[in-house]
Amino acid sequence: MEAAVRRRQQPGAAGGQGAQPGASFLQARHSSVKADEAAGTAPFHLDLWFYFTLQNWVLDFGRPIAMLVFPLEWFPLNKPSVGDYFHMAYNITTPFLLLKLIERSPRTLPRSVIYVSIITFIMGASIHLVGDSVNHRLLFSGYQHHLSVRENPIIKNLKPETLIDSFELLYYYDEYLGHSMWYFPFFLILFMYFSGCFTPTQAKSSMPGAALLLVVPSGLYYWYLVTEGQIFILFIFTFFAMLALVLHQKRKRLFLDSNGLFLFYSFALTLLLVALWVAWLWNDPVLRKKYPGVIYVPEPWAFYTLHISSPH
């Protein structure tokens, strides 16, 4: 009788043993996927970071410079300037490079957030394209960037006075709405990518020589972006969020890889340059009047129209 009972129990036991390998396989597979994601360390993306830095300098920083250098006869005031075409190219290449950067992230990032951020970025940059185009073309008519819209000599005497409201609306689209929709998703995407730039191997937490060479032009460009875009609060919030994440991951014995170090050092250099810029212009009475708030970060173009172009 006991032998029969044991024979009846054996199939069930055998079935339990048969199901155990399947369960252990799924568990091992799940843990291996998490381990691969945690241990995955991407090599330094020299191609992407180089193209990213180059197009930032040429298509963004170089826009207003190209507009002033190229003869006005080639790009009449009632037509887009060469800087506008630079901006159009920037609105295409930057989202493309950001998407390629996300593709190479060792960590799987939320795609819906990425897509919405890219769409918002393109819309904000396009709004800025129109407002910035008109504002920079006004330079040829005597517009002074270091003054507010209503204080500008070519604006304050316009009749009817409701035209001044239209120019203030244009300035709002350019400097506030356009910048917000442009830079918020831009820094959000960079931070999400940064969150995946960690490795459990401390030996891989270093930068190649090429990365060190790119840190200076990258940090210098972000200085221009923060000051001209008037986004110091957004930048400093992003930087401290990155710093907090680094300290948090360090407790887990995770270290920044080469790409994360490149971003972090670029932002650290940017913070240093912004501090030096503010200290240099701290006692400028004209710029102090235009930027009266608690956060005093003058724009480079306001400095240019006040101290460089005005005497000439």
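A: Let's start with a rule. A charge sits over a ring if NZ of Lys or CZ of Arg is within 6 Å of the ring centre and within 35 degrees of the ring normal. Also, this is a predicted model.

Q: OK, how far is the charged end of R288 from the centre of the Y296 ring?
A: It is 4.1 Å from that centre, and it sits over the ring.

Q: And where does the charged end of R288 sit relative to W282?
A: Over the ring of W282, 4.0 Å from its centre.

Q: Now rings with rings. How many aromatic pairs are there?
A: The count is 34. Take F52 and F186, whose ring centres are 6.2 Å apart. Their planes are at 10 degrees.

Q: Why is that pair called stacked?
A: Because the planes are at 10 degrees, and planes under 30 degrees apart count as stacked.

Q: Which helices do F52 and F186 lie in?
A: F52 is in helix α2, residues 46–69, and F186 is in helix α6. So the pair ties together parts that are 134 residues apart in sequence.

Q: Is F52 buried or exposed?
A: Buried, because its relative accessibility is 4%, and under 20% counts as buried. F186 is buried too, at 1%.

Q: New topic. Where is N259?
A: N259 belongs to helix α9, which covers residues 258–280. N259 is buried, with 0% relative accessibility.

Q: What does the side chain of N259 reach?
A: The backbone nitrogen of H45, at 3.0 Å.

Q: Which residues is N259 in contact with, leaving aside neighbours within four places in sequence?
A: A42, P43, F44, H45, W49, Y193 and C197.

Q: What is the phi of Q230?
A: Near 55 degrees, a positive value in a residue that is not glycine. Q230 lies in the loop between α7 (209–229) and α8 (232–251). Q230 is partly exposed, with a relative accessible area of 34%.

Q: Is R253 buried or exposed?
A: Exposed, because its relative accessibility is 55%, and over 50% counts as exposed.

How values were computed
Residues numbered from 1 in each chain as written. Predicted model: local features only at pLDDT ≥ 70, side-chain atom pairs only at ≥ 80, totals over all residues. Heavy atoms only, no water. Helix = DSSP H or I, 4+ residues; strand = E, 2+ residues; numbered from the N terminus. Buried < 20%, exposed > 50% of the residue type's maximum accessible area, 1.4 Å probe, protein only. Polar contact = N/O pair within 3.5 Å; in protein donor to acceptor, adjacent residues only side chain to side chain. Contact = heavy atoms within 4.5 Å. Phe/Tyr/Trp six-rings, centres within 6.5 Å; stacked < 30°, edge-to-face > 60°.
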